[in-house]
Amino acid sequence: MTTRFAFDIHARDGAARTGTISMMRGDIRTPAFMPVGTAATVKAMKPETVRKTGADIILGNTYHLMLRPGAERVAKLGGLHKFMNWDRPILTDSGGYQVMSLSDLRKLTEKGVEFRSHIDGSKHMLTPERSMEIQRLLGSDIVMAFDECPRADRPRDEIAASMEMSMRWAKRSRDGFDTGGEHAERSALFGIQQGALDEELRKISAEKLTDIGFDGYAIGGLAVGEGQEAMFATLDFAPGQLPEDRPRYLMGVGKPDDLVGAVERGVDMFDCVLPSRSGRNGQAFTRNGPINLRNARFAEDQEPLDNRCKCDTCATYSRAYLHHLVKSQEILGAMLMTEHNIAFYQQLMQAMRDAIGEGRFAGFAKDFRRDYLGATA
């Protein structure tokens, strides 16, 4: 029988590690970056193109998919994988973060969150149990526990109370997931550590999650406005509070230099809208830092976006042509820029996996930061 879920660490270099998550729909090489397919699509890309960039797994969004087209409809049509033509693993977030961001449209109680759709104003109730049901209907491979994500600048007592409720919701998520029948037998459930920037609160959260027991553990509540320095300070202790033999997933991160710094601190998985959103807005990531293709200085530049990049965009199209597409607001510009950015992220993850495996990650990280952060474009 194919493995439901296993995580094997192949090599360590300092706190950084590389390994493989094995699941029924395929292996996930770590450190891993998951392109964000919010509404059953990585915007401006075909699923087969996403796979060609090197992505082993993508992320879907429970909140958006429950509202449109609806989890029950997706299930009726054969599940999310069939619906969007992606046969590899899919992680679905719980919907908690999106609901929490709708502060003027939602009501939070111990039961869950009552909210109004940002699409049509219809009223919905999202609870840990309903979140598990939606993710089961979608056919998610990695299911996220339902949680609340307060801003890091809230008073400590508010953050503590929120964390404690998220831990109660984590237990209800675990119970709801375990009643999922066949889906529970072929998928995995991740818990989410909370506690903002507070080491003691995060330790309590990690202990409660470990007592419940999950296949993997996410670090939530970061990349919500606290800045890179504060995020790294938290990552200096947060990953080590989580079980050593399970994947550690930093949610919603981030810029390329964020990824390198987080891997240095023991993180295994990431997701972020940045590469696709930036691509649609004319920004490309390169080894020498991000560049804005709207800038007039690229109008006659015949070089590729990044002469070391192996993607089809860099192999075929010049900066001058991409500048023209971006300035003209042509759809092809968004497609090609997004393809490059996703490929750049996947090549960065492979470079980190190689460096860890060869015991040279510290040198790799130093060289990367020299090249990437030294740019002014």
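The legends below describe an overall view and several close-up views of one predicted protein model.

The model is predicted, so local features need pLDDT of at least 70 and side-chain atom pairs count only at pLDDT 80 or more, while totals for chains, interfaces and linings use all residues. Residues are numbered from 1 along each chain as its sequence is written, and side-chain values use heavy atoms, with hydrogens and water left out.

**Figure 1. The protein chain as a whole contains 16 helices and 16 strands.** Helices (H or I, at least four residues) and strands (E, at least two) are DSSP runs numbered from the N terminus. The radius of gyration, taken over C-alpha atoms, is 20 Å, close to the 21 Å that the globule rule gives for 377 residues, so the chain is as compact as a globular protein of that length; the rule itself is 2.2 Å times the number of residues to the power 0.38. Along the principal axes, the C-alpha atoms fill a box of roughly 60 × 50 × 45 Å. Of the 377 residues, 57% are buried, where buried means under 20% relative accessible area, exposed over 50% and partly exposed in between (1.4 Å probe, protein chains only). The accessible surface, from the Shrake-Rupley method with a 1.4 Å probe, comes to about 15,800 Å², and 47% of it belongs to carbon and sulfur atoms.

**Figure 2. Helix H15 (residues 331-357) and helix H16 (residues 361-373) cross at roughly 145 degrees.** Their axes come within 8 Å; these axes are lines fitted to C-alpha atoms over the stretch in contact, and angles run from 0 to 180 degrees between N-to-C directions. On the H15 side, Leu348, Ala351, Met352, Ala355 and Ile356 meet Phe361, Phe364 and Phe368 of H16, with contact meaning heavy atoms within 4.5 Å. By class, this contact has eight nonpolar, no polar and no charged residues, where Ala, Val, Leu, Ile, Met, Phe, Trp, Tyr, Cys and Pro count as nonpolar, Asp, Glu, Lys and Arg as charged, and the others, Gly among them, as polar.

**Figure 3. Leu189 lies in strand E11 (residues 188-193).** With a relative accessible area of 0%, Leu189 is buried. Not counting residues up to four places away in sequence, Leu189 touches residues including Met132, Val143, Phe177 and Phe214. Leu373, which is 184 residues from Leu189 in sequence, is 36 Å away from it in space, C-alpha to C-alpha.

**Figure 4. Asp258 has its place in helix H11 (residues 256-264).** Asp258 is buried, its relative accessible area being 7%. Leaving aside neighbours within four places in sequence, Asp258 is in contact with Gln228, Met231, Phe232 and Val253.

**Figure 5. Gly227 is found in the loop between strand E12 (216-219) and helix H10 (228-235).** Gly227 is partly exposed, with a relative accessible area of 39%. The C-alpha atoms of Gly227 and Asp8 are separated by 32 Å, and the two residues are 219 apart along the chain.

**Figure 6. The whole structure contains zero disulfides.** A disulfide is counted here as a pair of cysteine sulfur atoms within 2.5 Å. Cys272 is in no disulfide, and the nearest cysteine sulfur, that of Cys149, is 14 Å away; Cys272 counts as buried at 11% relative accessibility. Cys311 is likewise in no disulfide, the nearest cysteine sulfur being that of Cys309 at 3.5 Å, and Cys311 is buried, with a relative accessible area of 6%.
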